[in-house]
Amino acid sequence: MSATELTTRKARERAGVPDGQPLLSVQDLTLHYPIRGGIVSRQTGTVRAVDGVSFDVFPGETLGIVGESGCGKSTTGRAIIRLENPTSGAVVFEGRDLAGLNTRELRRVRLDLQMVFQDPYSSLNPQKRIGDLLAEPLLAHRRASRKVAGERVTEMLDRVGLSAQFKGRYPHELSGGQRQRVGIARALMLDPTLLVLDEPVSALDVSIQAQVLNLLRDLQTELGLTYVFISHGLGAVRYISDRIVVMYLGKVMEVATTADLFAGPRHPYTETLLDAYPAPNPHQRGRERIVVEGDVPNAAKPPSGCVFHTRCPFAREKCRTEEPRLTGGAQGGSHAFACHFPLGEAA
Amino acid sequence: MSAATTRTAAAARSAAARAVAASLGREESYLRSVVRRFFKHRLAGIGLVVFVAMILVAVLAPLIAPHDPNQIFDEFQAAPSSAHLLGTDPVGRDVLSRLVFGTRVSITVSVGAVSVYVVIGVCLGLAAGYYGKVVDAVLMRVADVFMSFPYFMVILILVAVIGPSLLNITLAIGLLGWPVISRLVRGSVLSIKNQDYVKAGVSLGYSTPKILFQHILPNALSPIIVNATFGIANAIILESGLSFLGLGVRPPAASWGNMLSDAQSITVMTSQPWLWLPPGIAIFVTVLAINFVGDGLRDALESRETKSHR
C-alpha cells in the first residue's frame with residue numbers, strides 16, 4: 001500500500017467518512033460584500049468576492065487553490081472555517097451542512113477545521129509565550145490538565161521540528177519559519193481532520209518554504225490530515241497538491257489533478273498562469289507563452305459572459321455574452337473547466 | 001565635542017550590549033526594555049519618585065503628620081515655627097498635618113475615579129470595537145453625548161445633587177470620564193481584531209470574553225495606561241477644584257482644595273502665605289510629577305523599538 005493510500009485510509013477512519021465520500025464539500029458557495037455609500041449608507045453595489053464556487057475535498061488529499069490576488073481564494077478558505085459567513089451556498093463537512101448548525105454545534109464541529117495563516121508575524125499573539133500559545137487550545141476546551149497540556153506541547157513542538165526550549169520564548173524572538181511551525185503546531189493541537197492552509201509559505205524565504213512544505217507533507221502522512229492549500233505560487237501548489245482548483249474573479253476556472261493540470265491545461269487562464277511561472281529548465285525557456293495583459297477586472301463590476309474574456313487571447317463573441325459552465329469537457333472524468341473554447345480541442 | 005564622543009561611545013556600548021544579548025540567544029525582554037526606555041527620561045524618573053513618595057505619604061499619613069489634622073491649638077494664624085512647621089490656620093489647626101492628610105484625599109479620589117472610568121471605558125470600548133455595527137453606533141453616540149457636556153459643570157451639578165462626600169466625588173468623576181478611554185480602546189480593538197491571531201482564536205473556538213480580555217486587551221494596554229496616568233493628574237485638579245468650591249470633601253476633613261478655599265481673603269493672600277502656598281505647591285508638584293510619568297510611559301510603551309516585529 002502506498003503512502004498516499006495509507007494517508008487516505010487513516011484520514012477516512014479519523015473523520016468517519018464512508019468510502020468515496022468527500023470530507024468537505026463546498027457547494028455553490030457565494031460571498032458578496034455590500035458596498036455602502038452616501039449619507040444614509042445605501043447599498044450601492046456588491047463585491048462578488050466568491051461567486052458560485054463548488055468543489056469536493058476527499059479524506060487524505062491536498063486540494064490546492066490557486067489564483068491571482070483578489071480572486072477569492074482566501075475568502076473561500078475563511079468561509080470554509082466560518083470566519084466569514086457565506087451569502088449563500090453550502091459547506092458540508094463530515095456530512096453536515098455547517099450553515100444548518102446552531103452556535104454550539106458549530107463551535108464543536110469547527111474545532112475539526114483549523115487554519116494556518118499566511119502571515120506568521122500577525123498570527124501569533126505577541127504577548128504570549130509559545131508554550132502558552134500552544135497549550136491554550138487544550139486548556140480552553142478542558143481537554144487536558146495544565147501538566148498534560150505541557151507534555152502535549154513538547155510533543156507537538158518536537159513534531160514540527162522545534163525543541164522544547166521554545167516554550168519559554170515570545171513570538172518576536174522567532175524567525176518567520178519558526179513562527180510558521182508554531183502556527184502549524186497550534187492548528188494541530190486540537191487534532192483537526194482538515195487544515196485550511198492560507199498561503200502558509202508565501203511570506204517565507206524560498207529556502208524555508210521547502211522545509212515547511214516538507215513538514216506539512218510529513219504531518220499529513222503521520223496524522224492522516226486533509227489539506228486545502230491556498231496559494232498564488234504554482235511551485236508550492238504543484239509540490240504539495242493532489243488536485244488543483246484554479247480560481248479567477250471569484251469563480252472556478254478549472255479543476256484537475258496536479259498531473260493533468262500541468263500536462264494539459266484546458267482553460268486559457270490556467271495556461272497563462274503556467275506560462276507565467278518560470279521554467280526551471282533553461283532549454284524550455286524559449287517556448288511560446290500566452291501572456292495576458294491588463295489587470296483583474298473589478299469584482300464589483302464583473303464582465304458579462306465569461307469573466308476572463310476581457311483578458312483572454314482566444315475570446316470570441318460567445319464568451320462576451322454567455323457564461324460557460326464548469327463541465328467535464330470531451331473526455332469527461334475529473335478534469336473540469338469553465339470555457340467555451342478549451343485548449344486542445346479543435347475549434 | 002567631548003559630549004558628542006561620550007554619547008557615541010555610550011550608544012556603541014548599549015548597541016554592543018544588545019548584540020551580545022542577541023548572540024546569547026536571549027533578547028531583552030519587553031518589560032525590561034520598557035523600564036530602560038522609561039528611565040532614559042530623567043524627568044519621568046523624578047516624577048515617579050515624587051508620585052511614589054506622595055502615595056507613601058497618603059498611606060502613612062497618621063505616622064508622618066506631627067499632629068491630629070483637626071486638633072485646635074491656642075495660637076491661630078500663627079506663622080511657621082518649630083512647633084508648627086507650616087504654621088496654623090485661622091481656626092488654629094496645624095497646616096502641615098492638614099496637608100499630609102490632604103494627600104490622602106487627593107490620591108484616593110484620583111486613583112479611585114480613574115479606576116472606575118478605566119473599567120467602564122475598557123468594557124464599553126471592547127464591546128463597541130469588537131461587535132461593531134449597532135453596538136458600536138449606540139455606545140459611541142452615548143460617548144459623544146457624554147463628551148459634549150462641559151465636564152466640570154456636570155460633575156459640579158452631580159455632586160451638588162447627590163451631596164458632597166469623598167465617595168460621591170470619586171463616583172462623579174469616575175462615571176463621567178469613561179468616553180475618552182472607551183474611544184481609545186475601541187480604536188485599538190478595531191485594528192487588533194483584524195490580526196490573524198484573533199481570527200486564530202475564533203477558529204480555535206475560544207469564547208468571546210477570552211478573546212477580548214486575553215488576546216485583544218493585553219495588546220491594547222499601553223495607550224490605556226498612558227491615558228489613565230494623565231487622568232490621575234486631571235482628577236487631582238478636579239477634586240481640588242470641587243473642594244475649593246465647597247463641593248468636595250466636607251470640612252473639617254482636610255483636602256488641598258478646601259485648604260486653598262480657606263485662604264481666599266486678600267489679607268491671607270498677602271500676609272499669610274503659609275496658608276495657601278503649601279497646598280498650592282502640593283497640587284502643582286504632584287500633577288507635574290504625574291504628567292512626567294505619563295510622558296515617560298508614553299515614550300517607553302509606544303515606542304516602535306520592540307513592537308516592530310520584522
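This is a predicted model: local features need pLDDT of at least 70, side-chain atom pairs count only at pLDDT 80 or more; totals for chains, interfaces and linings use all residues.
**Entry 1: two helices in chain B**

Helix α5 of chain B covers residues 95–131, and helix α15 of chain B covers residues 273–301. I noted an angle of about 30° between them, with the axes 11 Å apart. Angles under 35 degrees count as roughly parallel, so I wrote down α5(B) and α15(B) as roughly parallel to each other. Their crossing is right-handed.

Next I looked up who makes the contact. From α5(B) I listed B:Val95, B:Leu99, B:Gly102 and B:Ser106. From α15(B) come B:Trp274, B:Leu275, B:Pro278, B:Pro279, B:Ala282 and B:Thr286. I sorted the contact residues of α5(B) and α15(B) into seven nonpolar, three polar and no charged.

**Entry 2: a sheet in chain A**

Then I moved to chain A, where I found an open sheet of four strands. I read the order as β2-β1-β4-β5, with antiparallel pairing. Which strands stand at the edges? They are β2 (42–57) and β5 (96–97) of chain A; each has a single partner strand, so one side of each is left without a neighbour in the sheet.

I also checked how β1(A), residues 24–37, is joined to β2(A): the two run antiparallel, with 12 bridges between them.

Helix α2 of chain A (residues 73–80) does, touching β1, β2 and β4 (88–93) of chain A. The direction of α2(A) makes about 115° with that of β1(A).

Terms used:
Residues are numbered from 1 along each chain as its sequence is written. Chains are lettered from A and ligands numbered from 1 in the order in which they are written. Two strands pair if DSSP finds at least two bridges between them. Two residues are in contact if their C-beta atoms, placed from the backbone, lie within 7 Å. Axes are lines fitted to C-alpha atoms, for helices over the stretch in contact, and angles run from 0 to 180 degrees between N-to-C directions. Angles under 35 degrees count as roughly parallel, over 145 as roughly antiparallel, 65 to 115 as roughly perpendicular and the rest as oblique. A crossing is left-handed if the near helix is turned anticlockwise from the far one by less than a right angle, and right-handed if clockwise. Ala, Val, Leu, Ile, Met, Phe, Trp, Tyr, Cys and Pro count as nonpolar, Asp, Glu, Lys and Arg as charged, and the others, Gly among them, as polar.
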